[in-house]
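Please examine the sequence and the model shown below.

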Amino acid sequence: CAPLLKNLSDEHEMELLGQDLAKGLDSLKDLIKEKGLTIRLNGDLGAGKTTLTRAILRGLGYQRRVKSPTFSLLEIYKLEAFTLNHFDFYRFETPEEFEDAGFRENYGPGQVTISEWTSKAEPFVPEADVEIDITQGADEQTREVKISACSEVAQNLLAKIK
Ligand code: ADP
Ligand code: MG
């Protein structure tokens, strides 16, 4: 499965990408109800992982505050179509914390689970359907985004945002 590459010139374009992903997720809600969907966000501190997640939530109609789960590890948003879980594993000292906290329950049918710093929870964290790599470009505002989606449900999502 070939990745989708996007060059974004500013934060507004990241928000538009989030809106497109939200539309795609919304159109896949029946599949999500059945199987769930996982998105893994990769990128350095300040790349825009939380900004993209916030944009996805806005696109799904969530209007309240979306804060980074840096300290809480997990923020849960109960939306009409599905539950969206937003993880940030940055503060994990050992990956076993994933098992100890019972975070496996936040993956599966009826749930979209988006995670930052996922490698800190490996090998316990379930595999991602969609991987999004964000890297800073030549200046402050620009980002290169690579979206890889290999599972069937994820290919469907990608088709929606092309
Ligand atoms: P991360 O979660 O990856 O650590 P954040 O989303 O918290 O990153 O922070 C990204 C920062 O970069 C924000 O302050 C945001 O305003 C800024 N920014 C500037 N340009 C962009 C862009 N094109 N996309 C996303 N964020 C951007
Ligand atoms: Mg973040």
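## Ligand shell

A residue is taken to be near a molecule or strand if its C-beta atom, placed from the backbone, lies within 6 Å of it. This is a predicted model, in which local features need pLDDT of at least 70 and side-chain atom pairs count only at pLDDT 80 or more, whereas totals for chains, interfaces and linings use all residues. Residues are numbered from 1 along each chain as its sequence is written, and chains are lettered from A and ligands numbered from 1 in the order in which they are written.

Ligand 1 is surrounded by 16 residues, the closest being Met14, Gly48, Lys49, Thr50 and Thr51. Two elements, α1 (11-27) and α3 (49-59), each give two or more residues to this shell; helices (H or I, at least four residues) and strands (E, at least two) are DSSP runs, numbered from the N terminus. The most is given by α3, with three residues. By class, the shell holds four nonpolar, seven polar and five charged residues, where Ala, Val, Leu, Ile, Met, Phe, Trp, Tyr, Cys and Pro count as nonpolar, Asp, Glu, Lys and Arg as charged, and the others, Gly among them, as polar.

## Sheet and packed helices

Seven strands form an open sheet with mixed pairing, in the order β1-β7-β6-β2-β5-β4-β3; two strands pair if DSSP finds at least two bridges between them. At the edges are β1 (4-8) and β3 (74-78), each pairing on one side only. From one strand to the next, the twist averages 15°. Strands β1 and β7 (residues 143-149) run antiparallel and are joined by five bridges, and Leu8 has Arg143 in β7 as its bridge partner.

Helix α3 packs on the sheet, where it touches β2 (37-42), β3, β4 (83-88), β5 and β6 (130-136), and its direction makes about 160° with that of β5. Helix α5 (residues 152-161) also packs on the sheet, touching β1, β2, β6 and β7, at about 140° to the direction of β7. Axes are lines fitted to C-alpha atoms, for helices over the stretch in contact, and angles run from 0 to 180 degrees between N-to-C directions. Contact requires C-beta atoms, placed from the backbone, within 7 Å.

Pro109 lies in the loop between α4 (96-100) and β5 (111-116). Beyond its neighbours within four places in sequence, Pro109 contacts Lys33, Glu34, Lys35 and Gly36.

Lys33 belongs to helix α2 (residues 29-35) and counts as partly exposed, with 13 C-beta neighbours inside 10 Å. Residues up to four places away in sequence aside, Lys33 touches Phe82, Pro109 and Gly110.

Technical notes
Contact = placed C-beta atoms within 7 Å. Buried ≥ 20, exposed ≤ 12 C-beta atoms within 10 Å, placed from the backbone.
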